[in-house]
Every structure is written in structure tokens, then in C-alpha cells.
Amino acid sequence: MFSSLLDAFSSDIAIDLGTANTLVYAKGRDVVLNEPSVVAFSIKNGRKVVHAVGNDARMMLGRTPGNIEAIRPMKDGVIADFDVAEKMIEHFIKKVKSEAGFMRRGKPKVVICVPSGATAVEERAIYQSAQQAGARKVYLIEEPMAAALGAGLPIHEPAGSMIVDIGGGTTEVAVLSLDGIVYSRSVRVGGDKMDDAIIHYVRRTTNLLIGEMTAERVKKEVGSATMPADNEGMSVQIKGRDLMNGVPREIRVSEAMIAESLAEPVEQIVEAVKTALEATPPELAADIVDKGIMLTGGGALLRNLDIELRNRTELPVFIADDPLSCVVRGSGTVVENLKKWKSVLKTDV
């Protein structure tokens, strides 16, 4: 009874270490943190000194003085800067534990997500970062598996379930059955590539240079995977720097312009889904015809993406109830009962 009481007050956590955002699920408490994966630091005596992490650091992106740098330590779903990523994970673990009050006891067990296409070196980097950030034990779970669990797909059944998780850095396409991944494909296209496409399109067509945060706002407000019926659609005002005369300028961009700019990344996602369907065994493919495709991740919120996929694959396409938190909730399901879900964790790190 005492051990079960300790379990109830456990500090164990699940982390969705995303390219754009990091989400943390605490055992027995649901999702307790959702902040941008951004760190602001300066270098003193050859060492990186952290000034801000998460929401505070995101506000500094593109606005820092020469002695401070604000970066995203994750790129394409994996660690790009080991030292900064470790400090970011450590900050988030401390923040979650300090907010928990009585849960400060001991080091937590951590379940952390990795892209299905990550190399052994990339997986090891994520594993070691979590370990050195203060985890007692680290377990890795592949993102499509976590997303499927979080979306409520019946992955334990002997039937095919298809998940498309569109994150900031990668799109994970997988077919699952009997608690295992039958086929998975990870393509390095996601929300960040969409933002880049918008920046390049606006620069090419209007000679206006805009920043990442402006591009992301435009994507959320008027972004679409398909052309609007009237070839114009909604519009939004954006500000940037005029490349012709170097002064700030404000212009209006339409939904049609943004749909055109996003055509290439959307096509890459569609092609990844079609490739996965071609590689799916026939019995599981028959299940997918009946059950359809589940979309998760922030990219699933792109307007009309489900319609575009439905038109191109001729299959039912659904968006999860809370696509942004599916991966961390799925990892949280594992944290709540590690013995039951041990089979879905990666064992070869």
C-alpha cells in the first residue's frame, strides 16, 4: 500500500521534445507545461549562460542584442545543439517539479519522444540530454506510437491504424497494429518548412522580408492547403523590411497567396502518406479503408489539409480532438502505467 501511495505522488513525467514546442505531462496531473522550444543565452568565459527559456525566450527571437543569442536547440525533431537542449530540458523538469510542491522528492523517470526516422546517434543524444538534465531513468518512445495512443486509436487490436503526425520539424506517417509499428516513414517537412515557404514566397513576390514569427502568424490566420473558391479568400496585414529601399513597410497578403506558397510542403506530406499506403500489407490496407487516416500535431490544424488528403487518397481523414497534445498525452498514458505499456518503448538505445 505504501509503494502504491508513493506511486500516486510520483514525479515521473513524459516529454514531447518538439522542434517548435515542448510539452510535459506529469504522472497523475495531466499536461502541466506547454512552452516554445527556445533558449536565450550569452557566452561568458567560453560557457553558455542561459538568460531565458520557453515563452520568455521566444519573445526574444530576432530581437536580441549582439551579446545574447536566442535559438531553437531542436531541428527536424532532433537535437541540433546538445548543451542548450540539455539546459532546456533541465529547466522544464525543474519548473514542473517546483510547481508540484510535494512532488519535489527524487529524480523523475522520464518518457521522451523521438522521431521514427531518427538515427541511433540522434536517439542517443536525446537519451543523454534527458539523463544529464536530471532524469533517474529515461525511456524512449517513437512519436507515431505516442501520437496514436494520445489520439485514442486501438493500436492493441490486430487491425491496421494509420497516423499522420505533422510537427514543427518532421511529419511522421505510420501504420500500427498489435502495439507495434508495421510501417513508418519520417519526412523532414512540418510547420517550420511551411513558415520558410511563406517567408521565401513573400520575399520573391513582394520584395518584403518578414520574420519567422510573422510567417507563423500568417500561417495560422490565413494558411490553407487548398486554393480558396474565389481565388482570393481572407487576407491579413503583415509588416517587414522592404528589400528595395531598406525601410519598414506594411502590405496585405491573401489566403490564395499563402496557399500557393504552401503548395510544395503540402505536396511532400501528401506524397509521404501515399508512399506509406503503397507499402502497407493488403489486410492492413483494407482496415485503413474502413477506419481512415488520423491527423495529429500542430500541422493538422492547417486549414483544409484534411480535405486535400481526402481528395488525393480517396480515404476518410480525421483530425484528432486535441492534435497539439496527442504525442505528449500518449507518452503520458505510458508514464501512468509503465509495466502495461513496456512493449511500445524502444529498447535498443
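This is a predicted model: local features need pLDDT of at least 70, side-chain atom pairs count only at pLDDT 80 or more; totals for chains, interfaces and linings use all residues.
Trainee: Let's start with helix pairs. At what angle do α6 and α7 pack, and how far apart are their axes?

Mentor: Angles of 65 to 115 degrees count as roughly perpendicular. Here α6 (residues 191-206) and α7 (residues 212-222) pack at about 100 degrees, with axes 9 Å apart, so the two are roughly perpendicular to each other.

Trainee: Which residues meet there?

Mentor: From α6, Gly191, Met194, Asp195, Ile198 and Ile199 meet Glu212, Ala215, Glu216, Val218 and Lys219 of α7. By class, that contact has five nonpolar, one polar and four charged residues.

Trainee: How are α9 and α11 oriented to each other?

Mentor: Their angle is about 45 degrees, and the axes are 11 Å apart; α9 and α11 are therefore oblique. Their crossing is right-handed.

Trainee: Now the pockets. How much space lies in the largest pocket, and which residues lie nearest its centre?

Mentor: The largest pocket holds about 760 Å³. Its lining has 37 residues, with Ala20, Asn21, Gly298, Gly299 and Leu324 nearest the centre. Helix α6 gives the most to this lining, with four residues. The lining divides into eleven nonpolar, 14 polar and twelve charged residues.

Trainee: And what lines the second largest pocket?

Mentor: That pocket, of about 580 Å³, is lined by 22 residues, and nearest its centre are Leu61, Arg72, Gly211, Glu212 and Met213. The elements giving two or more residues to this lining are β6, β7, α6 and α7. Its classes are five nonpolar, six polar and eleven charged. You have already met Glu212 in the contact of α7 with α6.

Definitions and conventions: Residues are numbered from 1 along each chain as its sequence is written. Side-chain values use heavy atoms; hydrogens and water are left out. Axes are lines fitted to C-alpha atoms, for helices over the stretch in contact, and angles run from 0 to 180 degrees between N-to-C directions. Angles under 35 degrees count as roughly parallel, over 145 as roughly antiparallel, 65 to 115 as roughly perpendicular and the rest as oblique. A crossing is left-handed if the near helix is turned anticlockwise from the far one by less than a right angle, and right-handed if clockwise. Contact means heavy atoms within 4.5 Å. Ala, Val, Leu, Ile, Met, Phe, Trp, Tyr, Cys and Pro count as nonpolar, Asp, Glu, Lys and Arg as charged, and the others, Gly among them, as polar. On a 1 Å grid over the protein atoms alone, a cavity is a set of points where a 1.4 Å probe fits but cannot get out, and a pocket is an open set with protein on both sides within 12 Å along at least five of seven lines; lining residues have an atom within 4 Å of a point. Grid points are joined across faces, edges and corners, and a volume is the space filled by probe spheres set on the points.
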